[in-house]
Amino acid sequence: MSIQSYRDLRVWQEAMSLAEAVYRLTKQFPKDELFGLTSQMRRASVSIPANIAEGYGRESTGAYVQFLRIAQGSLKELETHALLANRVGIMSELDAANLLSLAESIGKMLRALIRSLEK
């Protein structure tokens, strides 16, 4: 299968699934977290596929790699928010573990894509 668009990239598809999962999970957060962890987690999760897409649309490989690195940073930010949400008791250990597992998988895909583009 050839890549015609960023939407064909498995890493983008998985990142979209992660963002969707974050939206579903944060719906259960307390209302007083709407402008705290809920907002932060949603913003970080959306940033991952958005930066993959934006980088894909850039004219140069170097710019593409830079946007993929930004996506990696947002992924680490999201992981930190999930760990904190678990520590303060607004996200279950199981939900946090599932989110972190998906994040780890996406992180590996991002690193592999960056390595292949840098060759």
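The legends below describe several close-up views of a predicted model of one protein chain.

Figure 1. Read from the N terminus on, the elements of the protein chain follow the order α-α-α-α. Along its principal axes, the C-alpha trace of the protein chain spans about 45 × 25 × 20 Å. A compact globule of 119 residues would have a radius of gyration near 14 Å, and the protein chain, with a value of 15 Å, agrees with that expectation. Of the 119 residues in the protein chain, 39% are buried.

**Figure 2. Helix α1 against helix α4.** Two packed helices are described by the angle between their axes and by the distance between the axes. Here the axes of helix α1, which covers residues 10–26, and helix α4, which covers residues 93–118, come within 10 Å and cross at roughly 160 degrees. Because an angle over 145 degrees counts as roughly antiparallel, α1 is roughly antiparallel to α4. The crossing of α1 and α4 is left-handed. On the α1 side, the residues that meet α4 are Arg10, Val11, Glu14, Ala15, Ser17, Leu18, Val22 and Leu25. On the α4 side, their partners are Asp95, Leu99, Leu102, Ile106, Met109, Leu110 and Leu113. Sorted by class, the contact of α1 with α4 has 11 nonpolar, one polar and three charged residues.

**Figure 3. Helix α2 against helix α3.** Helix α2 comprises residues 37–56 and helix α3 comprises residues 61–87, and the axes of these two helices come within 8 Å and cross at roughly 160 degrees. With that crossing angle, α2 is roughly antiparallel to α3. The crossing in which α2 passes α3 is left-handed. When the residues in the contact of α2 with α3 are sorted by class, there are 16 nonpolar, seven polar and two charged residues.

**Figure 4. Helix α3 against helix α4.** In this view the axes of α3 and α4 come within 10 Å and cross at roughly 165 degrees. The helices α3 and α4 are therefore roughly antiparallel to each other. As they pass, α3 and α4 make a left-handed crossing. By class, the residues in the contact of α3 with α4 are 16 nonpolar, four polar and six charged.

**Figure 5. Glu79, a buried residue in helix α3.** Glu79 has a relative accessible area of 15%, and because buried means under 20% relative accessible area, Glu79 counts as buried. If residues up to four places away in sequence are not counted, Glu79 touches Leu100, Ala103 and Glu104.

**Figure 6. Asn98, a partly exposed residue in helix α4.** The relative accessibility of Asn98 is 47%, so Asn98 counts as partly exposed. Although Asn98 and Ala21 are 77 residues apart in sequence, they are 9.8 Å apart in space, taken from C-alpha to C-alpha.

**Figure 7. Arg111, a partly exposed residue in helix α4.** For Arg111 the relative accessible area is 35%, which means that this residue is partly exposed. Arg111 and Gln72 are 39 residues apart in sequence, while their C-alpha atoms are 8.3 Å apart in space.

**Figure 8. Arg115, a partly exposed residue in helix α4.** With a relative accessibility of 49%, Arg115 counts as partly exposed, and the reason is that exposed means over 50%. Arg115 and Leu37 are 78 residues apart along the chain, and their C-alpha atoms are separated by 32 Å.

Notes:
Residues are numbered from 1 along each chain as its sequence is written. This is a predicted model: local features need pLDDT of at least 70, side-chain atom pairs count only at pLDDT 80 or more; totals for chains, interfaces and linings use all residues. Side-chain values use heavy atoms; hydrogens and water are left out. Axes are lines fitted to C-alpha atoms, for helices over the stretch in contact, and angles run from 0 to 180 degrees between N-to-C directions. Helices (H or I, at least four residues) and strands (E, at least two) are DSSP runs, numbered from the N terminus. Angles under 35 degrees count as roughly parallel, over 145 as roughly antiparallel, 65 to 115 as roughly perpendicular and the rest as oblique. A crossing is left-handed if the near helix is turned anticlockwise from the far one by less than a right angle, and right-handed if clockwise. Ala, Val, Leu, Ile, Met, Phe, Trp, Tyr, Cys and Pro count as nonpolar, Asp, Glu, Lys and Arg as charged, and the others, Gly among them, as polar. The radius of gyration is taken over C-alpha atoms; the globule rule is 2.2 Å times the number of residues to the power 0.38. Buried means under 20% relative accessible area, exposed over 50%, partly exposed in between (1.4 Å probe, protein chains only). Contact means heavy atoms within 4.5 Å.
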